[in-house]
Structure formats: structure tokens, C-alpha cells
4 protein chains.
Amino acid sequence: MIERVRVAVVGVGNNVSALVQGIALYRASGSVAGIRRPVLEGLGVGDVDFVAAFATSPEKVGRDLSEVIFLPPNNYPRIIGELPLSGVTVCRGITDAADGAEVDRVAAELAGAEVVLYAAPSGRPETALAYAEAALRAGAAFVNTTSDPVARDPQVLDRFAAAGLPLLGDDLTSQFGTSIVHHALLRLLEERGLTLTSSYQVNLGGTEDFRNLVEHGEGKMRSKLNALTSLGEAPDLVEVAPLGYLPHLKSHKVAHINIEAQAWGETTVSLDVKLKVHDPSGAAGVNIDLIRMAAGASRQHRGGHLDEAASLLKSPPGTAV
Amino acid sequence: MIERVRVAVVGVGNNVSALVQGIALYRASGSVAGIRRPVLEGLGVGDVDFVAAFATSPEKVGRDLSEVIFLPPNNYPRIIGELPLSGVTVCRGITDAADGAEVDRVAAELAGAEVVLYAAPSGRPETALAYAEAALRAGAAFVNTTSDPVARDPQVLDRFAAAGLPLLGDDLTSQFGTSIVHHALLRLLEERGLTLTSSYQVNLGGTEDFRNLVEHGEGKMRSKLNALTSLGEAPDLVEVAPLGYLPHLKSHKVAHINIEAQAWGETTVSLDVKLKVHDPSGAAGVNIDLIRMAAGASRQHRGGHLDEAASLLKSPPGTAV
Amino acid sequence: MIERVRVAVVGVGNNVSALVQGIALYRASGSVAGIRRPVLEGLGVGDVDFVAAFATSPEKVGRDLSEVIFLPPNNYPRIIGELPLSGVTVCRGITDAADGAEVDRVAAELAGAEVVLYAAPSGRPETALAYAEAALRAGAAFVNTTSDPVARDPQVLDRFAAAGLPLLGDDLTSQFGTSIVHHALLRLLEERGLTLTSSYQVNLGGTEDFRNLVEHGEGKMRSKLNALTSLGEAPDLVEVAPLGYLPHLKSHKVAHINIEAQAWGETTVSLDVKLKVHDPSGAAGVNIDLIRMAAGASRQHRGGHLDEAASLLKSPPGTAV
Amino acid sequence: MIERVRVAVVGVGNNVSALVQGIALYRASGSVAGIRRPVLEGLGVGDVDFVAAFATSPEKVGRDLSEVIFLPPNNYPRIIGELPLSGVTVCRGITDAADGAEVDRVAAELAGAEVVLYAAPSGRPETALAYAEAALRAGAAFVNTTSDPVARDPQVLDRFAAAGLPLLGDDLTSQFGTSIVHHALLRLLEERGLTLTSSYQVNLGGTEDFRNLVEHGEGKMRSKLNALTSLGEAPDLVEVAPLGYLPHLKSHKVAHINIEAQAWGETTVSLDVKLKVHDPSGAAGVNIDLIRMAAGASRQHRGGHLDEAASLLKSPPGTAV
């Protein structure tokens, strides 16, 4: 029987709630509904155990992971009837510039973890690097789900490679989201010989992550546009409206997509799409794969970047910081 | 300079209106907007001339093709400012069981045509076969856009093959329509590991073709369901609502598609799509390719079925009658 | 303290499931969410007790009402955690032409009931009348939720009036449904001076009631059109597509409404609406009011038709049978 | 026969384009499609003549009004085949703090005008007041379509009243737009006893007016929310997403509205609406009424505010500046 992956999580937000609950749900039910890769590197989605967790908010520190995932501002729904205590007490995470002693403290907490899933809010690159350093010292692989550059730092990547530890990052794609649907439809039009006239997407959401994106300016709009145009769409025909943070949506993300095109005879074709997903599920559905890839490679002493992870990452090594 | 294809049309409905007008539009503008294959077999979309046309309605017979395409119940819009007279007078078509003399009369009218585009209403297989016979006698390729079995009749197919004349049929796909979009989205879900819960499509239209389909029962619903399930969708999860004939839509077709699925954690994903197209444009965008394929092969003395046409046909030879 | 209304139900379908569960839910929670009239005739929505129930299916007869509401083909969801047994055993209902003895048997079962809610499938007018007769003999008011004519039978109405027993019918409106939304939007356009160009609605559902409507032809389409046009809409501009029975929708009803109009300068205005409701909730939300109206009037010895009920009925006395 | 109203316009943007073209269209066709009040104060919509026009952009000054309405950034469509020259040459408008001489110059240009329609961009209150002053001196009524306070300035209002000249403002409602539809649906829910759970609206547009609103912050979001909540909606349940300026929409405005509510049994009702209008048509459809009200009252020497105009204005006298 395969040994379960021992995972430490940094940040206990909605995405970790979706991951922790989903693993428990699938372990209990044996269902594989909504799972992209039921088995990966010989590991099922239930073959993951949590062994450590870090958070900075005083309300979270010192409590069991299974409780902390439901504290506000987390608003991912309860998807499993009863979630037993995990036995993992959330530790105090790194808040400021971490010195060597602080990194050693974190490394000590990581003892026994095979994979560190870094899922704190984006925007604190020093903190991200400090956790990566602690993972290295503790002999754990590192998965950076934020847009802060860690795997794109060639020196850091080299050190993980040398240590035979995978370093997967940066920034997650989603299992299923607006860009994927929008892109697929634009591709379909092109394949069928239709000529795009104009297109837009609007994204609305209610998570803390969404609020951060809205408050930190147009970052995501541009990255969303990049996500589409890097795939070949004429950039001036596709428009992305400002993100809307709507708290009532809770962990839902809603997108409205419109596509106008010309078919034979230059006659009009129009497509209107409404997409509604749970945003954290899209992240968890990718994290479960990155964790298993990292564990599988780590057990085979394959370190650094993994080619098989590239399509799951928005900014893999080699892309612009 | 390449010789233009000389085409005869049987039936002067919306689909022929879209074809005739579209060719004139593109020839005048030089645009390629909405064209899937600007050049095929060396032929541009403007390299098609109409040389004969057949209809059964007394109001249509004896008038110029360029006028007849705008007569009711045709309701495809006028997409080109001014359409000059074509010089083709619409002939009386076959109405009943055609005897040999009648077939000879039609064959004589077809003299000089390279390709016969059979675009009459579906549901009269004897008539379809009579026109195919006339095309054979006149030395013209035959394109059957109806669901009546012609290319699926092995004896007829053999005779065309022996004569070095292409026989393309039966039944058109569309350049872009509900099944294509619905199928692409279901595929996308599957690729991303989502689990389909349920899905439906509703199709509404205002053309005579649509009215015929509605009045002749559930034919198309079943064929639409086939179109999806033949592609692997679990047949019991995808439902097709009855077609709705709504005259106000004129030549528009509107589809409402809903998809419900489960993502990670068995959380719900929903997709709602409204698609609006001009139905006859979807047919014309395929007919223009079948005509050019037929002409190209005919000029190379390749007869019978053409592999390159198979993806443009719903029921190519070998599929069930 | 007010005396609770004692209700007998005929037919134990989705609508009765919604009513029974809703009453229990509101009684338990004290909530008034989704209730149109929290108090009517001094009666809260929890002030209703079930004292008898009739069904014809052998699986239903002899079991407790609280179990029977969940038997297939009922597919209204379980909206309350735990529903205690009601203490009401479902009796065998009238299946064929009921003779006097049969009516007496039913009347005996109705002993103690103040209001009989007739919620069997439409299409059996003799049966409806037999239950009305039994109610009269038992001294109970009668609410006919089907389209079968009972309250529109002047002789029957007179006998209820003479007995001081309310007779409310025929056929329910919905608390909230397609016609209401469609009509409100068409009215709004008119008020603002827009000129309607065309409009359609499509209705999709998954209940047994829906299946019956689909199988028994276009009845509802026409009645839906009537519902709109009786309100003044130009009948030839509003089209109703065929009903679609889609089992996966379960007790949901989904409507797609489109409205196209002209504003200033004859420029186009378009409105697309998707409406999703639980169909049986729309019935229960009206039945709870009819029951309380009937009980209130009965206690005041006001019999026959009640003016205050007219707006809750599609075909009150005086309208065409 | 009634004397036509002589109107001067300040600002030659999309809204004036819609007004000028619409009047010509209706005058030519005799149609009343899309007109709220075909006759008002005895005046038809065609009974309006333009006698002066002001603009600040050098490309506009000195050219005929009928040409200027089509200059970019105006992007309202051409809705009438051919628009003859108006004979009105666009004059240089007020750009800076206008001294008395400048006001006199404008007043001289206004000679003969009965109504001045002030339709410049919002945000220059001094300029608005200078034009109002010029109108007073010229003996013309004044309609302020901007959000700058003119009619809400009690001293200015008094002077118009004393002069027997109507002063209508400030800020236009729309003939038909998002707030109207959203509000009507929320009202409908309430009437039917549904309990609102949450609701949002997103507004997207492509006009210069829209760009100004987006660039000048959340002004309109808040005013939109006010528009809804002043009508009684629980303010914390209705959310308005940031405006999206999408140039490809040109003069269209698109709104996506979602409403989630509870019906009987606390079951979910959801409504999704897409609304697409030409924004300037909504303004012109109201301006045509304000102009006729102003002219009618002026001819009767009724000056100052007009009660009949209040419902067409967002900020009539007495509301907060």
C-alpha cells in the first residue's frame, strides 16, 4: 500500500478549505465526481494527510485546522456533513521579514512534511521566499500557488533541483474557469471559419482573494486578457470588464461572456454565456495534482521544475516575473 | 485563371438565398469574413456561377433566380445592397414520380452544369433520386443536402463513382450551430475532469425548414441527440427539448443550452448559453465547400464519395438510412 | 388562541409535498421568508393541520402522509431536516365513476375536515365532482386546484353557497412564474413607450404535472398565451414555444423569455430572461392562502365563491369552461 | 397649425445625435414606434426645429449640425438613410469661466430659440450656469440634462420663474434602462411575497459618457444603488458592480441583472436578465418630452419648475445637490 503524502499548508483560506474538505469527502464516499485525475503518481486524492498548517491571524493560530477552515472571512461552503478534527494545530506563520532563526523555527515545524503548499495571499514575495527557504531546510518540496515569484527565481530553483526537491510554481491555473471557457469558444469560432467581431467577459466574485484583486487594481484584468491573447486572440477585439467584488456571491465566481462574430455572408452570430463556479474548488482541483506530482517526483529524487506541472501553472519558470 | 464552377440548384429556399447572396457579396467586397476556407481546390468562394435552378411553386417558376430568392416564405435577410439579375430563369422542377422523359427533360436543363446542389425540402426520397439520375445523365456531380438517402444508396453511389462524378451526401452539418457548441462545451468539461450532472438544449427557429421539422415530429430532436451522443456524451444526461417554430425569428435560430456539472468537492458548476445564428448561413457556409470539393474532384475524374467531404455531412455513405 | 384549520388533501403529489413540508418548516423556524401573507383570516401558515389524505396508487395507500410525499414520481426536494410522521394514513381515493356509496365512504373519511384541497391530476372531471359532493356531505369547504370545472358548475356552486361552505376554483395561478414575469416586463415596456417587436417564452420542467401537460397536447401553451394576451398583449407578437419535459429538472421549472422592442429612433431594445423556480412551491404558496380563505369564510358561514380568491384562480366562476 | 418649437442645443454628443436623427426619422415616416408620448402639449415629436448649436471641439465648430453628430467620438448609429443639412452651423461654445461679454455673445446666438437643451458633459457647473444665464437673457427656457446643479440652485430657479421661463433639471432619467427593469422586477418579487436573498447588476457601455463615468470614479454606481434603494430595496442585499467601459459596444449599453430570492418553503427562485439598449436613445426619448413640456409651458408663461417634468429628472429642485 502506498504511503500517504504528508502536506503542510501555509495560509488557511478558502482554497485550503476546499482542499481539506474535498479530500475528506472523497475519502469517505469513494466517489470520483469532479476529479480530473483520480490516480496520479499512484496516489488517489484521498492519499493526502495534513501534518502542519500556518496562519497569521490570531483567531486562527492554536486551533485545529478542521475548525479554522470555516472561520470568516472564509466563505467556502461546508461540503461534508461532519469533518472530524484533523489533529493539526494551526501554527503562527511568518508575518514580517523573517530572520534566520524564524526560518529555522518554521523549518522545525515542517519536520516530516513532504510537500509545503504555499497558499497565502499574493503580494508578499519576501514571505514566500522565506517559506521556500524553510521547506528546503526541512527537506520538503514546495508548491507556490501565489503570483509572487519563487519558482521563477533561478537561484532558488537551482537549490531545490540540487537538493532533489521539486519546486512547483508560480500561480495556479484553475480546473475550470472563465478563461478556459472563453478561450475554448473563441477557438471553436476560429476552427469553424467564423470571424470574431468583438467579445467581452465580466468576472464577479465574493471571496477575499477577489476583494484583494479588486483593491490591488487591474492586475487580474490584464492577466486575464493576457491569458486569452497569449492564446492567439486578437487583443483589440476582446475586452475584459473590471472585476466586481460582490460579497453576496460568497465563494462563487460568476462570469458573463459575450462573443459576436460573422458567419457566411457576414451575418451575425452571437453567443452569451453565464458561468457560475465555486472559485476555491477550481484551485483545489489543481492543488491536489500539484501536491501529488511533487510527492511522486520527490520520492524519485527528481527536484526543481517538473514538466508535467507546467500546464497547471500560470507563470512557470522562464516566464516574465 | 481558374474556370468558375457552373452550379445548378434544385430548390430555391433560404439556403440558396444565403448561398447566392453570399457569393455576390464576397465577390463584390473581396472580404473573407465568415468564410471557413477562402480557397479550396484552387477555387475562391466567388468562383461559382449559377447556370440553372429548379422550383415547384408556380410563383417561382419563370422568374430570375435573383428575384426568387426573396419570395416568401423565404425570410433570409437581404445582405447585399443590390443584387443584379442572374440571367438564370427558374425552371419547373419535378413534382411527382418522374418518368424517364421527365428525367431527360431535367437532364437537358442541366446541360453545362458541373455540380447539382440538391437543396429541396427533405422528405421526398423519390424526387431526390430522380434529380440524381438526371445529374448522372447530364454528367454533373451531385450534392444532396437533404436527409433523404441518395449517397447512402450503394447502387447510386457506384454509378456516380463509375462515371467519375462525385456524389456528396447525405444531409448537411452546419458551419456553426447548437450541436457544435454544445458538444465543444461538454468535451471541455470532460477534459478538465468535471462530471456532467445534466444538460439540455432548446432550439427555436422561424424558417420553413424549421416548420417542416416541427410538423414532421421529433425527427430532429432525435438526430440532435444522436449528434451529441455519437460523440460520446452519456445519452441519459443530455436532454433535447422539442423544437419551437417561432415565425418572428425569421431566418434566425436561437438555442438555449444549459450544462450542470460537478467540480472538485462535488461542488456545482453551471453554464448557460444563448446562441443566435442565421440558420441558412450555416448551410451556405458548408455548401460552398461541398460545391468546390465536388467540382475539384470532378475535374480530376474522382467520382463517388469523397473522404474530405465526410466531416461536412451528417449521414455519409455507410451510416444508417 | 385560534383554532387550526383541519385540511384533507386529495392527491399526494409534489404540490402537496411542498405544502406539507413548507408548513412544517415554517412552524419549526418561525421564519416568514417566501410567504406572501404571513397572516390571513387571523391564521398563520403554521395554523394548518392535515386530517385526511387520499391517493389512488397502491404504494401510497395505507402509509403515513409524511412518507408518501417523498415517493416517486414525486421529486420535490426534502426542504426540512426531519419530518415527523403526520399520523394521517393515506386512504384509497376514488378511481372510477363513484356511486353514492363510494361518495358516502369518502365523506365519512372527511369527517372533521374543514377544507378539502383537491390536488389530483387534471383531466378527470367526474372524479373532481364526486369529491366535491363528498365534501358537501361532510360539511367541508372545497378548493379545486385542477383545471376540471367544479366551481364553474353553477349548480354545484349554488349548493355550496346554500350550505354556507366556500367553493374555491378552478385552477391555480402560481405565486411566481413565467406568465407573471413575462407580463410584468411587457407592461413595463408599454408604460415606458417602447413598441414591442416580438417576444417568446419557452417553458421546461421535470414534474409529473409537466409530463401530463406535454402529453396532453398544446393545452398549456394556449393557456399560457391566453394568460398573456388576456392582459392586452398583441397576440400575434408573443409566441410560446412547446413545453419541454426534461426529467433532470426534477421539480424545477425553467423559462427562457425574450423580448425585442423599439425605443426612440426605432432603435432596438432586447431583454433576455432566465427564470428558475420550484414549480410546486408556486402552487403551495397559493394553496396556503386558498385554504385559509376557505376556512375563514366557512367559520363565518360565507359559502360559495369568494371575491378575495379570484386573483388566485385561473378560471374562477363565470369564465369559460 | 401649431408653431414648431425652436431649440438650441449645447453639446453635440450622442444624445443630440439620437434626438436630431430621431426627429428626422419620425417626421419622414410618420411612425410612432418607440415614442412614449406621440403628442405632448399639442406638439408631435416632429414639431421641433433646431436653430442653434454649441460645441467646444475645433473639429465641430463651423460645420453643419447634421454632419457634426456623426463625428467621433460620437458612435450612435446612423438610423436614417439620408439626413439633409440642417442649416444650423455649430458655434463655438463656452470653454472657460465666461465673463458677461461671453454670456452676451451666447445670448445673441440664442436669439429666436424657445428652449435651450443643455447636453454638454457633466462636471462643469460654472459652464452650465453661464448657459442658463445666457438663456435667461435671450428669453429661452432651459433644460439641464447634466448632473451639475442648475435647477437645484434656488436663486437661478427663482429668476426663471419670475421671467415666465421654465427651468427643467437636473439630470435625466432614461426612457428605459437597467434601474427601471431591475426595480420593476424587485417590486414584482415583493408583491408576490418572495423574499429577496441577493441581487446584483453590472453595466457595460461604450460611449464617451460611459467612459467619463468610469474615469470619474464610482459616482454612477452609487447613484444607481441610490436609484434602487430610494425605492425601498434593502440596500445591503442589492449590489452594483463597477461600470465597464467597453469601446466595442459603441452606443450600446448592456446590463446583466441577477436576482435570487426565496419562495414558499424557502425554495430558491433565480432570475437572470440581460438587457441591451442604445443608451442615447434612452436620453433622447426623455429629452423630446422635456423640450415639449418646456415649450408648452413657456408659451403659457408658466416659468420655473414644472411638476409634470419631475418624474423625468433624477435630481429635480429640492433634492440634494
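In the predicted model, 51 residues of chain B are in contact with 51 residues of chain A, where contact means heavy atoms within 4.5 Å. Between them, chain B and chain A bury about 4000 Å², 62% of it on carbon and sulfur atoms; buried area is the accessible area (1.4 Å probe) that two parts lose on being put together, summed over both. B:Phe176, B:Arg192 and B:Trp264 supply 24% of the area that chain B buries against chain A, more than any other three residues. Residues are numbered from 1 along each chain as its sequence is written, and chains are lettered from A and ligands numbered from 1 in the order in which they are written. Because this is a predicted model, local features need pLDDT of at least 70 and side-chain atom pairs count only at pLDDT 80 or more, while totals for chains, interfaces and linings use all residues; side-chain values use heavy atoms, with hydrogens and water left out.

The same surface serves both copies, since 100% of the contact residues of chain B recur in chain A. A:Val273 stands opposite B:Val273 in β13(B), and strand β13 (residues 267–278) of chain A pairs with β13(B) in the antiparallel sense over seven bridges. Two strands pair if DSSP finds at least two bridges between them; helices (H or I, at least four residues) and strands (E, at least two) are DSSP runs, numbered from the N terminus.

Across the interface of chain B and chain A, zero salt bridges are found, a salt bridge being a side-chain nitrogen of Lys or Arg within 4 Å of a carboxyl oxygen of Asp or Glu. On the side of chain B that touches chain A, β13(B) gives the most, with 11 residues. By class, this side has 28 nonpolar, 16 polar and seven charged residues; Ala, Val, Leu, Ile, Met, Phe, Trp, Tyr, Cys and Pro count as nonpolar, Asp, Glu, Lys and Arg as charged, and the others, Gly among them, as polar.

Chain B also meets chain C, in a contact that takes 24 residues from each of chain C and chain B. About 1700 Å² is buried between chain C and chain B, 61% of it on carbon and sulfur atoms. In chain C, C:Tyr200, C:Glu239 and C:His248 lose the most area to chain B, together 35% of what that side buries. Two salt bridges are counted between chain C and chain B, and B:Lys274 forms a salt bridge with C:Asp272, the closest N and O atoms being 2.7 Å apart. Side chains of opposite charge can pair when their charged atoms come close. β9(C) gives the most to the side of chain C that touches chain B, with five residues, and by class that side has 12 nonpolar, six polar and six charged residues.

Other pairs of chains do not meet: chain A and chain C do not touch, their nearest C-alpha atoms being 10 Å apart, and no contact joins chain B and chain D, whose closest C-alpha atoms lie 10 Å apart.
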